[in-house]
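Open the model in your viewer and keep the selection tool at hand. Each stop below tells you what to pick and what you will find there.

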Amino acid sequence: MSALQEYFDPSHQLVRDSVRRFIEREVLPHIADWEEAEEFPRELYRKAGAAGILGIGYPEQFGGSHEGDLFAKVAASEELMRSGSGGLVAGLGSLDIGLPPVLKWAKPALRDRVVPEVLAGEKIMALAVTEPSGGSDVANLKTRAVRDGDYYRVTGSKTFITSGVRADYYTVAVRTGGEGFGGVSLLLIEKGTPGFTVGRSLKKMGWRSSDTAELFFDDCKVPVENLIGAENMGFACIMANFQSERLSLALMANMTSQMALEEAMSWARGREAFGKPIGKFQVLKHRLAEMATQLEVSREFTYRQAAKMAVGKSVIKEISMAKNFATDVADRITYDAVQILGGMGYMRESLVERLYRDNRILSIGGGSREIMNEIISKQLGL
């Protein structure tokens, strides 16, 4: 039985087919231009919402579908990566890191207003945790929120925020209590709130079609009703979201590897040197075999962790391993794919050139490779 048959049923294939058609119709004809422009149209959110893509995995009462079906989300994520642009996938998918805390822990009035708008693609959601003083050290974030009657007064800044330029809603990590993880809370802050400004759109090596921003809060007044969860319990909310984010990044890495391998194999079959296709040379045949082997192992291990998550098991150690292994494999496969394509692999018109650049962020985002190893070692009792 293949991995696809073991983990995916006919309903998941319908999800794949629907998302694939969307990508072929709405994205692939334009993605090269969007990458050069370093943005994609806001209208694409509405189209993805209307097609039901943004709502996959969310409750029907808010406009979602396939609630609780993790492999429907996996199937959709993999097909979105067929756009060949990690930046587009990150931009469209920023709701998946910003919205779950609102769905699970926000007050009903706030949840019922925000969630349907985001799933419909009418509003854009972002998560704002990383600060200029540090990224992975969430427990020591500096942005301060001080209670003042019916408001919190927020002062501080965030950086490297995906969808930060054009988001409408931001799930923001702030310090409401003392030092350490016990003083962290989450607030929903809306664009246009006095004292909140969005900085420049940051220029990046890869993920060029996603917008990434700096955010500034200068005595920004946020209603107490916008508190997500209990005060000083934000760190637990953030940590609960990390397993899903790390699964998503592992899936992105595996699909990056898959597309790079496909491009390398196609090139090896068609490109000739010394009177025969270069894929007939043993050195390249063996390299491609090793690339395919590493990808197969990575994909199977990632799917196994997703299967455990789907039945409610905690996989803190294993999903950290999966993310590290998948990104390591993608590092090697994208490097080798560029090498196999030679000069063409270095050209902006080549898909592998973009995959190579986009891949580099995957071992940094969602907790760096070093942080993953720290988590793994703690889980091992070291």
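Select residues 10-122. Over this span the chain is 65% helix and 0% strand, and the end C-alpha atoms are 30 Å apart. Helices here are DSSP runs of H or I with at least four residues, strands are runs of E with at least two, and both are numbered from the N terminus. An unreviewed UniProt entry lists residues 10-122 as "domain: Acyl-CoA dehydrogenase/oxidase N-terminal". UniProt feature names are shortened, positions follow the numbering used here, and annotations may be inferred rather than shown by experiment.

A word on the source: this is a predicted model, where local features need pLDDT of at least 70, side-chain atom pairs count only at pLDDT 80 or more, and totals for chains, interfaces and linings use all residues. Residues are numbered from 1 along each chain as its sequence is written, and side-chain values use heavy atoms, with hydrogens and water left out.

**Stop 1**

Pick arginine 16 and glutamate 79. Their side chains meet in a salt bridge, 3.1 Å from N to O. Arginine 16 sits in helix 2 (residues 10-27) and glutamate 79 in helix 5, so the pair ties together parts that are 63 residues apart in sequence. A salt bridge here is a side-chain nitrogen of Lys or Arg within 4 Å of a carboxyl oxygen of Asp or Glu. By this rule the count comes to 26 salt bridges.

Are these two residues buried or exposed? Arginine 16 is buried, because its relative accessible area is 7%. Glutamate 79 is buried too, at 5%. Buried means under 20% relative accessible area, exposed over 50%, and partly exposed in between (1.4 Å probe, protein chains only).

**Stop 2: a loop residue**

Now select aspartate 69. This residue lies in the loop between helix 4 (43-50) and helix 5 (70-80). Aspartate 69 counts as partly exposed because its relative accessibility is 21%. Leaving aside neighbours within four places in sequence, aspartate 69 is in contact with Ser11 and His12. Contact means heavy atoms within 4.5 Å.

**Stop 3**

Colour the chain by domain: domain 1 (10-123), domain 2 (126-232) and domain 3 (235-380). These bounds come from an automatic or database domain assignment. The C-alpha centres of domain 1 and domain 2 lie 23 Å apart. Between them, 29 residues of domain 1 are in contact with 22 residues of domain 2.

How much area is buried between domain 1 and domain 2? It is about 2100 Å², of which carbon and sulfur atoms give 54%. Buried area is the accessible area (1.4 Å probe) that two parts lose on being put together, summed over both.

Across this interface of domain 1 and domain 2 the rule finds 3 salt bridges. Helix 3 (31-37), helix 6 (86-92), helix 7 (95-105) and helix 8 (108-119) each supply at least two residues of the side of domain 1 that touches domain 2. Next, zoom in on glutamate 38 and lysine 203. They form a salt bridge, with the closest N and O atoms 3.0 Å apart.

**Stop 4: the last span**

Select residues 232-380. The span is 75% helix and 3% strand, and its end C-alpha atoms lie 28 Å apart. Inside it, find glutamate 290 and arginine 332. Their side chains meet in a salt bridge of 2.8 Å, N to O. Glutamate 290 is in helix 10 (residues 282-310) and arginine 332 in helix 11 (residues 316-341), 42 residues apart.
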